[in-house]
Amino acid sequence: GVVVGTDDRAVFRGELGELVRNEWCHRDDVLRQRAVAYSDASMVGWGVTVGVGRFACGIFPTGWDARSIFLKELFAVARLVDVMTQDRGRLAIKAFCDNKAVIGAVERGYSLDEDVMPMIMNIQTVLDRHSSTLSLEYVSTHDNPADAYTRPTWQR
């Protein structure tokens, strides 16, 4: 998939799903603030936050209704990596996710699940292409600010 847009607005198409709303900041601002990133997914959508009030969220690609929440959470992590590394290199991304299985799969860089492995490989490919790293840690759902952006209320 391809990210199309500018530093202020991005639209995801095709395999990446569709970005419904984006209040993203320029990555230089993120680095200056030393912001912490969060990702989350629900059965209907995904969300990513960086710092305070900066977010991207969207719906899943066509045909993803029956996919597992694990795969949807992994999708949200992949979107976080895509947005953070767009037009930027050598980032040390510190992010939080509320799914321990996703964190483990990303840390191992491996899964026996044929639906999961391509996404893990995509995350690593994007990180490698931008000479970046990802540190993914656990946060409870109740403390995850990205959770609010995974629900249909973002369409208001």
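Student: What makes helix 2 largely enclosed by the rest of the structure?

Tutor: In this predicted model, 15 of the 17 residues of helix 2 are buried, so the helix is largely enclosed by the rest of the structure. A residue is called buried when its relative accessible area is under 20%.

Student: How many helices and strands does the protein chain have, and in what pattern do they follow along the sequence?

Tutor: The protein chain has 4 helices and 8 strands. Along the sequence they follow the pattern β-β-β-α-β-β-β-α-β-α-α-β. Of the 156 residues of the chain, 48% count as buried. Among contacts with a separation of 6 or more, 70% join residues 24 or more positions apart.

Student: How do you know that the span of helix 2 agrees with its number of residues?

Tutor: The expected span is 1.5 Å times one less than the number of residues. For the 17 residues of helix 2 this gives 24 Å, and the end C-alpha atoms are 24 Å apart, so the two values agree.

Student: Why is helix 2 called oblique to helix 3?

Tutor: Helix 2 (residues 69-85) and helix 3 (residues 100-108) pack at an angle of about 60°, with their axes 9 Å apart. Angles under 35 degrees count as roughly parallel and those from 65 to 115 as roughly perpendicular, whereas over 145 is roughly antiparallel and the rest is oblique. The angle of about 60° therefore makes helix 2 oblique to helix 3. Their crossing is right-handed.

Student: Which residues of helix 2 and helix 3 meet?

Tutor: Phe-70, Glu-73, Leu-74 and Val-77 in helix 2 meet Ala-101, Val-102, Ala-105 and Val-106 in helix 3. By class, this contact has 7 nonpolar, no polar and 1 charged residues.

Student: Why are helix 2 and helix 4 called roughly parallel?

Tutor: The axes of helix 2 and helix 4 (residues 117-129) come within 10 Å and cross at roughly 15°. Angles under 35 degrees count as roughly parallel, and helix 2 and helix 4 are therefore roughly parallel to each other. The crossing of this pair is left-handed. Among the residues making the contact are Leu-71, Leu-74 and Phe-75 of helix 2, together with Met-119, Ile-120 and Asn-122 of helix 4. The residues of the contact divide into 11 nonpolar, 2 polar and 2 charged.

Student: What makes His-142 count as exposed?

Tutor: Exposed means over 50% relative accessible area. His-142 has a relative accessibility of 79%, and so counts as exposed. His-142 lies in the segment after strand 8 (133-138). The C-alpha atoms of His-142 and Asp-98 are separated by 9.0 Å, although these residues are 44 residues apart along the chain.

Technical notes. Residues are numbered from 1 along each chain as its sequence is written. This is a predicted model: local features need pLDDT of at least 70, side-chain atom pairs count only at pLDDT 80 or more; totals for chains, interfaces and linings use all residues. Side-chain values use heavy atoms; hydrogens and water are left out. Helices (H or I, at least four residues) and strands (E, at least two) are DSSP runs, numbered from the N terminus. Buried means under 20% relative accessible area, exposed over 50%, partly exposed in between (1.4 Å probe, protein chains only). Axes are lines fitted to C-alpha atoms, for helices over the stretch in contact, and angles run from 0 to 180 degrees between N-to-C directions. A crossing is left-handed if the near helix is turned anticlockwise from the far one by less than a right angle, and right-handed if clockwise. Contact means heavy atoms within 4.5 Å. Ala, Val, Leu, Ile, Met, Phe, Trp, Tyr, Cys and Pro count as nonpolar, Asp, Glu, Lys and Arg as charged, and the others, Gly among them, as polar.
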